[in-house]
Amino acid sequence: MSDTERLEQYSRKENIKIYGLTESENEDLEEKVINLSGETGVHMERNDISVCHRLRGNGKGPRPTIVKFVKRKTKSNIMKAKKNLKDKSEYKNVYINDDLTILRGTVVKMMKEDKSIQKVWTIDGKIFCILEKEDGSSVKVTLDSIDDIPKLGWDAEREQDLLYRNKDLTKSALLSTVRAFPDLRVKYDTFGATYNIPICIWLFETHPFNPPICYVKPTPDMTIKASRHVDASGRVYLPYLHEWKHVLWTIFTEVKRTIYFVLQPNSDLIGLIQVMTIVFGENSPVYARPANQQPVMPSMQTPYPGAQPPPSQAPRGYPSPGYPSQQMPMPTPVYPTPAGYPGGGNNQYRPPTNYQYPGSTPYPQGGMPQQQPPAGYPYPTPQQSQSQYTPSPAKGTSAVSSQQSLSDDQIKISLQTAVEDKLKRRMKEVLQVYQNEMDALTATKNRLKDGQSRLEQMLDQLQEDQNKVEANTRELKQKNEEIKESLQKMEGRDELEPDQAVTPTAPLYKQLLSLVAEEMTIEDTYYYLMEALKKDVIELEVFLKHVRELSRKQYLLRAHIQKVRETAGLRTIP
């Protein structure tokens with residue numbers, strides 16, 4: 001896991017891979033990811049997803065899905081809540097994992113095949129495992145570089161499997177070559193060399209809003225090799241420094257329209273050092289000084305952090321980065337005195353020991369190789385850098401200095417280009433802020449429209465209910481008036497006996513009334529006999545005797561009632 005691989009994994013920190021997500025033709029993959037996130041309990045919207053697409057599959061089942069989020073916090077929340085999918089039958093075979101590099105994925109696969117490792121998991125690209133020791137105890141192991149592999153207790157052959165992804169093909173090719181050329185001998189070793197390059201980074205009082213100034217500080221045994229990245233005085237010029245950004249992003253809430261300012265660093269010292277490690281690994285900024293050459297210190301025409309460098313000393317096409325105008329004290333340089341370079345010295349900067357570049361070679365002796373940068377590359381050429389700076393001659397030597405400055409038109413074009421780039425970046429940032437605000441306003445507008453339609457439906461329903469209530473009120477008032485009129489008519493009349501309240505108009509009707517009253521009396525007698533039996537007031541034999549007598553009498557009464565109704569011309573009762 002070299003520094004390059006670590007940088008690659010760092011670029012994947014916002015990514016996840018989803019395995020087993022159902023695939024269909026003309027699918028809305030973002031909507032599926034949002035639904036999956038909702039099942040885990042994490043709310044997410046489309047503007048939280050930066051990139052979402054399918055990867056190449058193995059032909060078995062749905063293809064894997066890779067998702068890159070706008071914010072790392074969204075990915076972290078989903079990774080913490082993915083365990084909630086175990087209870088969902090629809091997503092039973094869906095798995096969410098970190099997006100690992102090929103090397104880290106191979107390490108995880110080999111660790112899962114190792115019987116001595118009980119459990120393996122990853123967090124933000126780091127690999128964790130529970131390792132069982134020989135004495136039966138368990139220990140937690142963290143892997144973040146290839147230097148951590150020995151913690152697993154693997155042999156050299158297994159560690160080589162990590163470096164050679166196609167081990168069988170490589171071994172077959174080597175054996176064929178050795179058979180064809182018997183004089184060859186196969187030897188396993190690392191390729192490249194490790195250089196320790198001393199650098200000095202000056203931070204301004206306005207850090208991190210202004211880029212730092214970086215210098216290469218050669219030891220007495222070294223000489224600066226001017227190139228497109230380093231001038232003759234050791235000043236470092238990199239696109240990372242020129243494009244240094246550290247701004248405040250504006251985030252608008254959707255409900256209360258409150259504005260929050262969140263600091264989002266775009267550039268930092270860690271990224272700067274990583275970029276310098278890669279650039280200087282490909283093209284070393286120093287080389288070993290020949291034994292017969294006296295040490296020559298670079299001139300201080302451009303003091304380390306003293307003041308803004310003159311335009312003639314800035315790289316071509318790059319304006320002044322806008323460093324603070326205040327003067328900073330320059331300490332006396334103190335150089336380490338190692339036994340040799342590269343290598344020793346306790347005071348030297350030591351990059352990772354495994355950081356290798358195939359193009360690295362020992363520092364050349366003698367003169368500097370002259371390199372021509374690509375056309376349009378905004379950095380000074382070695383000849384320009386040497387002509388812009390006058391080295392301080394050592395004792396007994398003489399130096400010839402030549403000054404070369406850019407023309408006014410070139411400086412004007414350079415400034416115009418820089419201002420244009422800065423305005424474009426600023427306009428893009430402001431446009432993004434306003435776009436986010438417009439999205440929030442659009443969402444609020446849609447919700448208000450839905451609420452308006454629901455309110456209109458509720459108002460219609462309330463109006464209908466009000467009409468019904470008014471109709472019922474009018475009907476009740478009418479009935480109330482009728483009752484009052486009836487009461488007024490009945491006032492002043494003599495009270496009537498209940499038995500005299502109903503007087504039949506004919507003897508036949510009077511007989512019918514008497515029969516019906518007697519039949520209803522028998523029904524009441526049944527009721528009271530049942531209650532007496534329940535309360536053990538009468539015995540069962542007495543109860544049955546009375547019931548037989550009453551039933552016979554009731555039968556005769558009902559037959560008589562039926563005959564009277566037929567005589568009176570009334571309808572028969574079924």
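In this predicted model, three strands make up an open sheet in the order β5-β6-β7, and their pairing is antiparallel. Two of them, β5 (117-123) and β7 (138-143), stand at the edges with a single partner strand each, so one side of each has no neighbour in the sheet. On average, neighbouring strands here are turned by 20° against each other, ignoring direction.

Let's look at one pairing in that sheet. Strand β6 (residues 126-132) joins β7 in the antiparallel sense over 6 bridges. Pick out cysteine 129 and you'll find that its bridge partner in β7 is valine 141. There's a helix to go with this sheet, too: α4 (residues 102-113) lies across β5, β6 and β7, and runs at about 15° to β6.

Now step back for the whole chain. The protein chain holds 12 helices and 13 strands. It has 574 residues, and buried ones make up 30% of them. Take the contacts between residues at least 6 apart in sequence: 61% of these join residues at least 24 apart.

Next comes a sheet of 4 strands. This one is open as well, with the order β2-β3-β1-β4 and antiparallel pairing. At its edges are β2 (49-54) and β4, each of which pairs on one side only. From one strand to the next, the twist averages 20°.

Two helices pack on this sheet. Helix α2 (residues 29-40) touches β1, β2, β3 and β4, and its direction makes about 110° with that of β2. Helix α3 (residues 72-81) touches β1, β3 and β4, with its direction at about 130° to that of β4.

Strand β1 (residues 15-19) deserves a look of its own. It is mostly covered, with 4 of its 5 residues buried. On one pairing, 4 bridges join β1 to β3 (residues 65-69), and the two run antiparallel. On another, 4 bridges join β1 to β4 (residues 95-98), again antiparallel. Lysine 17 turns up in both pairings: it stands opposite isoleucine 66 in β3 and opposite asparagine 97 in β4. Isoleucine 18, meanwhile, stands opposite isoleucine 96 in β4.

Here are some of the strand pairings side by side:

| Strands | Bridges | Sense |
|---|---|---|
| β6 and β7 | 6 bridges | antiparallel |
| β1 and β3 | 4 bridges | antiparallel |
| β1 and β4 | 4 bridges | antiparallel |
| β8 and β9 | 4 bridges | antiparallel |

The last row brings in another pair. In a regular strand, side chains alternate between the two faces of the sheet. The partner strand, β9 (residues 213-216), pairs with β8 in the antiparallel sense. Within β9, tyrosine 215 is the bridge partner of cysteine 200.

Finally, a pair of helices. Two packed helices are described by the angle between their axes and the distance between those axes. For α11 (residues 507-534) and α12 (residues 540-568), the angle is about 160° and the axes are 9 Å apart. Angles over 145 degrees count as roughly antiparallel, and α11 and α12 are therefore roughly antiparallel to each other. Their crossing is left-handed. As for what sits in the contact of α11 with α12, the residues divide into 18 nonpolar, 7 polar and 6 charged.

Definitions and conventions: Residues are numbered from 1 along each chain as its sequence is written. This is a predicted model: local features need pLDDT of at least 70, side-chain atom pairs count only at pLDDT 80 or more; totals for chains, interfaces and linings use all residues. Side-chain values use heavy atoms; hydrogens and water are left out. Axes are lines fitted to C-alpha atoms, for helices over the stretch in contact, and angles run from 0 to 180 degrees between N-to-C directions. Angles under 35 degrees count as roughly parallel, over 145 as roughly antiparallel, 65 to 115 as roughly perpendicular and the rest as oblique. A crossing is left-handed if the near helix is turned anticlockwise from the far one by less than a right angle, and right-handed if clockwise. Ala, Val, Leu, Ile, Met, Phe, Trp, Tyr, Cys and Pro count as nonpolar, Asp, Glu, Lys and Arg as charged, and the others, Gly among them, as polar. Two strands pair if DSSP finds at least two bridges between them. Contact means heavy atoms within 4.5 Å. Buried means under 20% relative accessible area, exposed over 50%, partly exposed in between (1.4 Å probe, protein chains only).
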